[in-house]
Amino acid sequence: MFRPLLKNIAPFIFSILLIGGVIFAYLLPKLQETIVVHKVAMVESMAQSVWSILAELDQQVQTGRLTLDEAQKRAKSIIHSMRYDDVGHNYFWILNYNHVTLVHPYRPDHVGNDLSELTDKNGKKFIAEMVRTAREKGQGLVTYYWQVTDNNQAIELKHSYSKDFRPWQWIIGTGVYMTDVEKEIATLTRQATQVGIVIVLLVTGFSFYFSWSEQRANRKQRRAEEELLNALDKYRIVLNSSPAPTIAYDHQGTIEYVNPAFIQVFGWTEEDMRTRKNDYLPSQHRQIAEDNIRALEQGQAETVAFES
């Protein structure tokens, strides 16, 4: 019973698994690349926003509304408190051309120190690279391992963007942790998996139902055909033993059966009768016979009788 059902739903399940394989093997990695590109573009935009703040403050210095010291103190205060996410992972820091940290909200111990020799866990001098990249190219991306906010035990891969503010010889820095990207991917993967499971269950359920319905209909049809054949066999036995001449037509009026009594009375075999149409009836009764047969075919009567 279950083998035909499984045979019917197997193509649907295979198709869903194939689509799921494509999603997890190809689309999700591509999506991760897209998210990383988006995050990098975001930190670039955020760095540009800070650069614009510094440019506005420098303009006030140029016009005499602020002294350089006042403008820089105000800039440090603003940048120290700036965040662009809900958990504080995305913050800003400021370095000068001498690799000295001027602002860092989570590493105050770095402020005022030369960090040109600071390395990550792989030995990369990322501060020196940030300053060099920004001074040579105006801006750029540096990848390294760094602590998550103020937790120096949580070291994660980070993409950081540095931008040069030449009037003050400052380097603006901000970045995004890969764990944030991985969390987004994990969320999307979990949601895709849940949706996929629901789709598989629904398709499997509907496939089982329709396949079961089809199998049940086929079984009913086979039983009906078997019952009809059995009934025909019984009627044939009865008619073969009947002394009354009997003839059977199909819906097109073609003779399908004559019993032995008919052959004995009329002398025509069943093969002979297949080429005839009501030749055994007197001409004045042929129309009556045809009308009665038509009435039976159209369900206008269950039985009809006439004499000829």
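**Close-up views of a predicted model**

View 1. Gln169 is partly exposed, with a relative accessible area of 45%; buried means under 20% relative accessible area, exposed over 50%, and partly exposed in between (1.4 Å probe, protein chains only). The model is predicted, so local features need pLDDT of at least 70 and side-chain atom pairs pLDDT 80 or more, whereas totals for chains, interfaces and linings use all residues. Residues are numbered from 1 along each chain as its sequence is written, and side-chain values use heavy atoms, with hydrogens and water left out. Gln169 sits in the loop between strand 4 and strand 5; helices (H or I, at least four residues) and strands (E, at least two) are DSSP runs numbered from the N terminus. The phi of Gln169 is near 55°, a positive value in a residue other than glycine. Most residues other than glycine have a negative phi.

**View 2. The loop around His99.** His99 belongs to the loop between strand 1 and strand 2. Its phi, near 70°, is positive although His99 is not glycine. With a relative accessibility of 19%, His99 counts as buried.

**View 3. Aromatic pairs at Tyr91.** The structure holds 8 aromatic pairs. Rings of Phe, Tyr and Trp (its six-membered ring) pair if their centres lie within 6.5 Å; planes under 30 degrees apart count as stacked, over 60 as edge-to-face and the rest as tilted. In one of the pairs, the ring centres of Tyr91 and Trp93 are 5.8 Å apart and the planes stand at 55°, so this pair is tilted. Tyr91 and Trp93 are both buried. Tyr91 also pairs with Tyr106: centres 5.0 Å apart and planes at 75° make this pair edge-to-face. Because Tyr91 lies in the loop between helix 2 (68-81) and strand 1 (92-96), and Tyr106 in the loop between strand 2 (101-103) and helix 3 (126-137), the pair ties together parts that are 15 residues apart in sequence. Tyr106 is buried, as is Tyr91.

**View 4. An aromatic cluster and a charge over a ring.** Trp51, Phe165, Trp168 and Trp170 are linked into a cluster by ring pairs. Elsewhere, Lys121 lies over the face of Tyr145, 4.3 Å from the ring centre. A charge sits over a ring if NZ of Lys or CZ of Arg is within 6 Å of the ring centre and within 35 degrees of the ring normal.

**View 5. Helix 3 and its cover.** The 12 residues of helix 3, at 1.5 Å a residue, should span 16 Å, which agrees with the 16 Å between its end C-alpha atoms; the expected span is 1.5 Å times one less than the number of residues. Buried residues of helix 3 include Phe126, Ile127, Ala128, Met130, Val131, Thr133 and Ala134. Among the elements that cover the buried residues of helix 3 are strand 1, strand 3 (139-148), strand 4 (151-165) and strand 5 (170-177). Just after helix 3, Gly138 has a positive phi of about 90°.

**View 6. Ala47 and its contacts.** Ala47 is part of helix 1 (residues 2-62). Its relative accessible area is 0%, so Ala47 is buried. Apart from neighbours within four places in sequence, Ala47 is in contact with Phe92, Tyr161, Lys163, Ile172 and Thr174, where contact means heavy atoms within 4.5 Å. Ala47 and Phe92 are 45 residues apart in sequence, and their C-alpha atoms are 8.1 Å apart.
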